[in-house]
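Colleague: I've got a model open on my screen and a few things I'd like to ask you. Can we go through them one at a time?

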Amino acid sequence: MSFAHEQHGEHGTHADHGPRALPPSLAAPVVLLAWRRRALLVAVVFALLTLFFAFTGEGRDHILRAYLMGYMTCFNFAGGALVMLMLQYVTGGKWGLLLRRPLEAMTRTLPLVALMFVPILLFMKHLYQWALYPTEETTNNAYLHHLITHEQALTANFKRPMLNPHAMIVESCIIFAVLFLFMFLLNKWSLDRDADPLRGTQASYERWRTRFENLSGPGILIYVVALTAGAIVWIQSLDVTWYSSIWGLQFLVAQGYAVLALGILSLVLLSRYEPMKTLLRTTEQHDLGKFAFAFVMLNIYLCFAEFLIIWSGNLPDEIPWYLNRIHGGWWTICTLDFVCHWLIPFCLLLSRDLKRNKRKMIWITCFMIFARLVDMFWLIEPNFAGSAGNLHIGGGMLAYITVPIALLALWSAFYITQLMRRPLVSTNDPHLEELLEPEHAY
Amino acid sequence: MTPREGIYGLLAEFNTPAELVRATEKAHQAGFRRMECYTPYPVEEAAVALRFHKTSVPLVCLLGGIMGMLTAFLMETWITVWSYPMNIAGRPLFSWPAFIIPAYEWTILFAGLSAAFGMLALNGLPQLYHPLFNAPNFRDGASTDKFFLCLEATDPRFSILDTRAFLEQFAPVSVVEVEL
C-alpha cells in the first residue's frame, strides 16, 4: 500500500503539469570534488596496505596478478564504455542520451588505462610463461628441464607468432591506438554537435545522427576484434595451452554488464543533485535496469554455454582449465561467482519495484561491480602453478582485494575528473525534449 | 437460476482523461475499490489511479516458471538415473549440467504459458456478456471519444444516492445507472 502512495505521489506531481524546464546549469555538481577526494583517499590507503605483501616473493607475485586483474577491470570500464557509447548511437533512444556523458567520461580514462598497462609490460616475465621462455630454444630447454609440460612447450611454440613479448607490445599498441582513435572522434564530435550553429533544427539532428551512426557501426565491429585480441593476449594466454572461441564475446558481455552497472550507479548518485535530478526520470531508470537485467542473463548464457560445450567434449586439452577452477577448494569461489554474478542480480532485477527504486539500485549496481571482481579473480588466479586446482588463502592472496580496489579507486577519481569537464547532458538531441516531458507512471 | 436484481453500478461519463483520472483518484481515496475505468485508448495514469499494477499475474508467472524448471530437471533426473540409466562417456548418471538447458527452456515455456493463461483467468476473459453495454452512452462513446468511470454496486461503500452525489461533484457529462 505504501508503494501505491509513493507511486501516486510521483504521478501527482507531474501529471497535471506541462514539460519541466531544463535546469539553468547543466554542469556537474560541485559535490563531485568531494567524491573524487574520497576516491583518491581510498586509492592511497589500499596502495599502502598493498605494501605489506611486497616483502615476500609469493606476495610480490600475487600483487602482480592482482594488478593484472585491477588493470583488466579498469580496461573493461573504459573499453566497455566505448562500445556502449557506439551502441547507443546506432540504436538511439532516451536511455542513451542520459548515459552519453558518463560513458564519454569513462572512455576518456583510456590514457590512464594505457598507462596502467606499462607495469604489465615491464613485468610480463612473471605473469606469462610464453614471456619467460620467449624463443623456441628457451621453451625446449625449459621442457627438457621439466619446468613446463610437453603440452605447454608444443602449444607455446605453435602460438609463438601471437604470443611473444614483441608481438604483445605491438598488439597492445594497435589495440590502444584503435581505441584512442574512436575515443577521440566520439568525444570531439559530441562537443561539436552541441556547438553546431544550426543546433535545435531537424537538419542538425539528422546530420549528427547520421555521422555518429556511420562511425559507430563499423566502430563496434572493429572494437570487438580489438577486444578479442586483447582478452586473448592479456588474460587467456596466462594458460598457454587453453583456448575458447567465445572468450572475446564473453569479455564483451561482461563489459556491458559492468559498464551498465557503473552507468546506472553514476546516474542515480548524480540524480541527488541538479541537473540530473530533473533529467533522470523513473521511466529511464527502469529501462536501464531492464537493460542491465538482459546483460545479467546474456552473461550467464555465454559462460554456461562455454562450460557445457567443454564439459560435453571432455577433451584433455580443454577440460583441465575448468578442473583447475573447480577442484581443490575452487568450488567455493566458482559457486560464489555463479551466485554473485548471476543468481542474486537476476532474482533482484526481476522485481519492477526494485528497478524503479533509487536507493536499492545503488546497492545492486555496487554488488554487480563486486561480482565482476569475483569473476576476474576466478579467471586469473587458477592459471598459476601453485594455485591451479589448489585454493589457499595465504597472505599474498589478500593482494587480490587491496590492489584492484586501489586501481579502481584511482580510476574512479580520474573518471570523476573527466565527468566534471562537460555538461552532464548533450543538448543538441531531440530526445532531450522527451526527457523533460511528464512521465507516464505506467 | 435466480433472477438478478438491482443494478451493476453507476457510470460517470467524462470528456477528458484528466477529469477521469481525478475522479478515479478521489474515488480510491474515498474508499471505493470495485471500480473500473473505460477509455478509448490506454491511459496509463488511470491504471495508476486504479492501483492496477498490483495484480497477481507476476506471481502466477513466477510460480509457473519455477514449476517448469523443477518439472524438467526432475524429469531428466528420473529418466537418466532410474528409468533408463545409460553410460554416456563414462559420466555419472546424475550429470546435472546436461539438464540445465531443458530446465531453462521449460522455465520459459511454463512462465510464458502461465502468464498468458493466468492473465486470462484473472481478468475473466472470455466474457460474452457485460452489463455496461446496456448503457447507450457507453456503447456510443467508449471506443471513440469518451472516458468512463464505473463504480460498481458490489462495493461495500456503494449506495445509489450517495454515490451518485459523489460522482456528480466531478461535473461529469452524465451519471447513469447501469442495468444488470
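Colleague: Where does Asn314(A) lie?

Modeller: Keep in mind that this is a predicted model. Phi of Asn314(A) is near 55°, a positive value in a residue other than glycine. Most residues other than glycine have a negative phi. As for its place, Asn314(A) sits in the loop between helix 14 (282-313) and helix 15 (319-324) of chain A.

Colleague: And what is the relative accessible area of Asn314(A)?

Modeller: Buried means under 20% and exposed means over 50%, with partly exposed in between. Asn314(A) is partly exposed, because its relative accessible area is 40%.

Colleague: Moving to chain B, is Ala171(B) buried or exposed?

Modeller: Ala171(B) also has a positive phi, near 50°, and is a residue other than glycine. You'll find Ala171(B) in the loop between helix 6 (160-168) and strand 4 (174-179) of chain B. The cut-off for exposed is over 50%. With a relative accessible area of 53%, Ala171(B) is exposed.

Colleague: Which loop holds Pro275(A)?

Modeller: Most peptide bonds are trans. The one from Glu274(A) to Pro275(A) is cis, with omega near 0°. Pro275(A) is in the loop between helix 12 (247-270) and helix 13 (276-279) of chain A.

Colleague: What is omega for the peptide bond from Leu125(B) to Pro126(B)?

Modeller: Pro126(B) lies in the loop between helix 4 and helix 5 (136-141) of chain B. The bond from Leu125(B) to Pro126(B) is cis, and its omega is near -5°.

Colleague: Back to helix 12 of chain A: how many of its residues are buried?

Modeller: Helix 12 of chain A has 24 residues and reaches 34 Å from its first C-alpha to its last, close to the 34 Å expected at 1.5 Å a residue. This helix is mostly covered, and the number of buried residues is 23 of its 24.

Colleague: How far apart are the end C-alpha atoms of helix 3 of chain B?

Modeller: Helix 3 of chain B has 27 residues, so at 1.5 Å a residue it should span 39 Å. The computed distance between its end C-alpha atoms agrees with that: 36 Å.

Colleague: Which helix do the buried residues of helix 3 of chain B pack against?

Modeller: The buried residues there are Gly64(B), Gly65(B), Gly68(B), Ala72(B) and Thr77(B). Helix 3 (residues 57-83) packs at about 145° to its partner helix 4 (residues 97-123), both of chain B, with axes 6 Å apart. The contact between these two has 18 nonpolar, nine polar and one charged residues. So the partner of the buried residues is helix 4 of chain B.

Colleague: Why are helix 3 of chain A and helix 10 of chain A called oblique to each other?

Modeller: The axes of helix 3 (residues 57-91) and helix 10 (residues 165-195) of chain A come within 11 Å. Roughly parallel needs an angle under 35 degrees, and roughly perpendicular runs from 65 to 115. The two helices are therefore oblique, as they cross at roughly 50°.

Colleague: Last one: what is the C-alpha to C-alpha distance between Val42(A) and Leu410(A)?

Modeller: Val42(A) is in helix 2 (residues 31-51) of chain A. Leaving aside its neighbours within four places in sequence, Val42(A) is in contact with Ile405(A) and Ala409(A). Val42(A) and Leu410(A) are 368 residues apart in sequence, and their distance in space is 8.2 Å.

How values were computed: Residues numbered from 1 in each chain as written. Chains lettered and ligands numbered in written order. Predicted model: local features only at pLDDT ≥ 70, side-chain atom pairs only at ≥ 80, totals over all residues. Heavy atoms only, no water. Axes fitted to C-alpha atoms, helices over the stretch in contact; angles between N-to-C directions. Helix = DSSP H or I, 4+ residues; strand = E, 2+ residues; numbered from the N terminus. Nonpolar A, V, L, I, M, F, W, Y, C, P; charged D, E, K, R; others polar. Expected span 1.5 Å × (residues − 1). Buried < 20%, exposed > 50% of the residue type's maximum accessible area, 1.4 Å probe, protein only. Contact = heavy atoms within 4.5 Å. Parallel < 35°, antiparallel > 145°, perpendicular 65-115°, else oblique.
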